[in-house]
Amino acid sequence: MSGRVDAVAVIVPAHDEEQLIGACLASIDIAARAARAVVPSVGIWVVLDACTDRSAAIAAAHDIELVTVNAHSVGAARAAGVGAALERFADLPPRRVWTAHTDADSVVPANLLTHQLRLARRRV
C-alpha cells in the first residue's frame, strides 16, 4: 500500500461543548490550512450528538460540515462523522482518505495534520 493521501477528514464529536468548541475549531482551522498545502482536499466534520446548548450555532460559524445524531455515544458520533466524510470523498479509494480525530474540548497544534501526513507518507 502506498502512503499517498488525497484527502483529509477531521472528525470532531461534540456533546454540549459551547464553552470550548469555538477554540477547538479555530485551532483545527489553522491545522487544516497547513494541510491544504500538502493534500488536495481537507474537510472538517463536527458531529453534534444530542446537543442542547449553543454548540451547533458556534460550529456553524466555521467552514465545516455539521452532522447531527442522537446517539449519546462518542463512538457512534465518530462513526457518523467518518461515514459522512467517506460519502463526500466517495470518488476516492478509502485508503487515500486520512481520518483525523479530536474532541470538541481540545485545542490541537498547528502541525497536527501535516505531522500525521508525514507519517502516512512513510506508511507508519
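**View 1. Helix α1 (residues 21-35) packs against helix α4 (residues 112-121) at an angle of about 40°.** Their axes, lines fitted to C-alpha atoms over the stretch in contact, lie 7 Å apart. Angles run from 0 to 180 degrees between N-to-C directions. α1 is therefore oblique to α4; oblique is what remains once angles under 35 degrees (roughly parallel), over 145 (roughly antiparallel) and 65 to 115 (roughly perpendicular) are set aside. Helices are DSSP runs (H or I, at least four residues) and strands are E runs (at least two), numbered from the N terminus. This is a predicted model: local features need pLDDT of at least 70, side-chain atom pairs count only at pLDDT 80 or more, and totals for chains, interfaces and linings use all residues. Residues are numbered from 1 along each chain as its sequence is written, and side-chain values use heavy atoms, with hydrogens and water left out.

**View 2. Ala-31, Ala-32, Ala-34 and Ala-35 of α1 meet α4.** Their partners there are Leu-112, Leu-113, Thr-114 and Leu-117. Contact means heavy atoms within 4.5 Å.

View 3. After α4 comes Arg-123, with a positive phi near 60°.

**View 4. The structure holds zero disulfides (pairs of cysteine sulfur atoms within 2.5 Å).** The sulfur of Cys-24 has its closest cysteine sulfur in Cys-51, 13 Å away, too far for a bond. Cys-24 is buried, at 0% relative accessibility. Cys-51 is partly exposed, at 25%; that class lies between buried and exposed (over 50%).

Terms used: Buried < 20%, exposed > 50% of the residue type's maximum accessible area, 1.4 Å probe, protein only.
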